[in-house]
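Hi,

Here is the structure I promised to pass on. Have a look, and my notes follow below.

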Amino acid sequence: MNDHLMEQLLSAYDPAAGTIAGRPRVERRLSELAPCFADQAAGREVLRHADPLVYAVSTFAPADGAGDLHYGLAQVMPGRVGREYFMTKGHFHAWREAAEFYFTLSGEGLMLLEGETGGRAQAVPMRPREAVYVPGRTAHRTVNVGPEPLTFLGVYPARAGYDYGAIAARNFRHVIVARDGGPAMIPREEY
Ligand code: F6R
Ligand code: ZN
């Protein structure tokens, strides 16, 4: 094992802050994510007053070899744009076969999964101490449907990479909205 890796075998997670000690953290605000939401007018209305933090991700990338792993600790804030809950951008992995292991630390969420043709979609519950397996070739977006921050770890092959473009071009075909006091998955055109 090389010396660089030997120094990085332990990482400290702060699930309350959504940070990994000493690792880079990226923040995504509504101004950047507005095109993801179905209700564009509602998004503009929120942005007239503020540009809220929607989510942040800290990453731990100790090594980049073919067999290595990277981790992300992400925190999606509670909130909505119109009836649609705050969520991540969502992506396919650039290396399409790459799967991912998600483990929820706190909060209440749904993992929206869609295949490459967008046909079959699924909203998998995310609850503390439960894991969600995201298969390869599947676009994944995380949605906070509760009143507290949703905090989770994602573990993925170092070579998975990100393809945001393919899903941004058509967006997810389904949206997660508040309906009758709880979250529901509906086709985008029914929003
Ligand atoms: C990595 C992964 C997560 C996400 C994070 C933010 O493959 O799925 O670490 O990167 O949940 O979501 P995106 O990347 O869609 O902004
Ligand atoms: Zn991923």
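First, a term: a charge sits over a ring if NZ of Lys or CZ of Arg is within 6 Å of the ring centre and within 35 degrees of the ring normal. By that rule, the charged end of Arg83 sits over the ring of Tyr191, 4.7 Å from its centre. Lys89 does the like with Tyr164, its charged end 5.0 Å from the ring centre.

Some housekeeping: this is a predicted model, where local features need pLDDT of at least 70, side-chain atom pairs count only at pLDDT 80 or more, and totals for chains, interfaces and linings use all residues. Residues are numbered from 1 along each chain as its sequence is written, chains are lettered from A and ligands numbered from 1 in the order written, and side-chain values use heavy atoms, leaving out hydrogens and water.

Now the rings. There are six aromatic pairs (Phe, Tyr or the six-membered ring of Trp, centres within 6.5 Å; planes under 30 degrees apart are stacked, over 60 edge-to-face, the rest tilted). One of them is Tyr102 with Phe152, tilted, at 5.3 Å centre to centre and 40 degrees between the planes. Tyr102 lies in strand E8 and Phe152 in strand E13, so this pair ties together parts 50 residues apart in sequence (strands are DSSP runs of at least two residues, numbered from the N terminus). Both residues are buried (under 20% relative accessible area; exposed is over 50%, partly exposed in between, with a 1.4 Å probe and protein chains only).

Tyr162 and Tyr164 are stacked, 5.5 Å centre to centre with 5 degrees between the planes. Ring pairs link these two and Tyr156 into a cluster.

Cheers

Note on methods: Helices (H or I, at least four residues) and strands (E, at least two) are DSSP runs, numbered from the N terminus.
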